[in-house]
Amino acid sequence: MHEKGKVEVTDVCKTYQKNDQNVVSLSHVSLSIKERQFVSIIGPSGCGKSTLFNIIAGLLLPTSGNVIADGHSIIGRAGYVGYMLQKDMLLPWRTIEDNIILGLEIRDVPKKEALARALPLMERYGLKGFEKHHPDELSGGMRQRAALLRTLLYDRDIMLLDEPFGALDAQTRLSMQNWLLQIWHDFGKTVLFVTHDIDEAIYLSDDIYVFSPRPGSVRSKITVPIKRPRTTEDMTSPPFMELKHDLLKLLNAGQATD
């Protein structure tokens with residue numbers, strides 16, 4: 001019997017053709033994410049993190065290697081995982097409630113049923129009163145809440161979040177991190193998260209994968225030694241600061257080598 005939400009990325013490589021030359025984006029990447037884990041990937045810009053996400057999401061085929069979820073290969077299987085990008089991708093002509101149920105509509109869930117599932121979540125997770133608003137009437141943080149609830153309602157065991165808070169100011173970002181941890185705790189999803197923010201990676205994650213510069217490969221895997229539930233006070237604790245120091249060292253060593 002396979003664990004629902006378990007992901008195994010095995011020896012994934014991706015090579016592009018550019019100007020008649022091969023460009024290697026990913027080189028022999030392997031990840032192991034257990035059911036209901038929160039795992040982050042950090043690394044320099046251009047190291048192939050988003051390419052890897054597109055492969056896991058079934059939007060891009062690897063040159064070699066495999067991605068196994070729930071005991072089956074999901075190579076080329078778009079829609080098997082939930083996927084949220086840094087840009088909220090909300091449709092400006094749709095209300096917030098209609099944006100949030102978009103994934104359910106794509107899966108042919110009747111609108112009445114979709115709204116019945118969405119509205120309690122909007123109330124519980126801070127969007128009550130904004131159901132009939134349009135995206136341009138909301139702040140960046142509220143738009144990201146809506147986008148994340150849309151991904152959640154797509155109802156997949158595995159969620160890929162590609163720098164969802166990267167464009168937010170520091171205070172809003174911390175609020176959204178706590179909000180995301182609450183949702184992750186409530187729903188027990190497996191989350192794979194890309195960020196450039198080391199503090200964010202430590203605060204949110206069970207494990208952190210550090211990627212090398214292009215071609216992207218796993219330089220190190222580190223387990224966060226801070227117990228859950230976490231609070232903002234943990235972010236100035238000795239274990240947190242020590243791990244931050246180690247991660248900075250790993251990232252800087254990789255960039256220096258590059």
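In this predicted model, six strands make an open sheet of mixed pairing, ordered β6-β7-β8-β3-β9-β10. The edge strands are β6 and β10 (218-223). Each has a single partner strand, so one of its sides has no neighbour in the sheet. From one strand to the next, the twist averages 15°.

Strands β3 and β9 run parallel and are joined over four bridges. I42 has V210 in β9 as its bridge partner. Helix α5 packs on the sheet and touches β6 and β7. The directions of α5 and β6 make an angle of about 165°.

| Element | Residues |
|---|---|
| Strand β3 | residues 38-42 |
| Strand β6 | residues 82-84 |
| Strand β7 | residues 158-162 |
| Strand β9 | residues 207-211 |
| Strand β10 | residues 218-223 |
| Helix α5 | residues 140-153 |

The side chain of Y83 makes a polar contact of 3.0 Å with the side chain of N54. Beyond its neighbours within four places in sequence, Y83 also contacts other residues, including F53, L59, T151 and L160. L152 is 69 residues away along the chain, yet the C-alpha atoms of Y83 and L152 are 9.3 Å apart.

The largest nonpolar core holds 51 residues. I100, L149, I202 and L247 have the most contacts inside it. Helix α5 is the top contributor to this core, with seven residues. A second, separate core has 26 residues, among them V7, L26, C47 and A69. Leaving out residues up to four places away in sequence, I202 touches I208, V224, I226, R230, F240, L243, K244 and L247.

Methods:
Residues numbered from 1 in each chain as written. Predicted model: local features only at pLDDT ≥ 70, side-chain atom pairs only at ≥ 80, totals over all residues. Heavy atoms only, no water. Helix = DSSP H or I, 4+ residues; strand = E, 2+ residues; numbered from the N terminus. Contact = heavy atoms within 4.5 Å. Polar contact = N/O pair within 3.5 Å; in protein donor to acceptor, adjacent residues only side chain to side chain. Core = buried A, V, L, I, M, F, W, Y, C linked by side-chain atoms within 4.5 Å. Buried < 20%, exposed > 50% of the residue type's maximum accessible area, 1.4 Å probe, protein only. Pairing = 2+ DSSP bridges. Axes fitted to C-alpha atoms, helices over the stretch in contact; angles between N-to-C directions.
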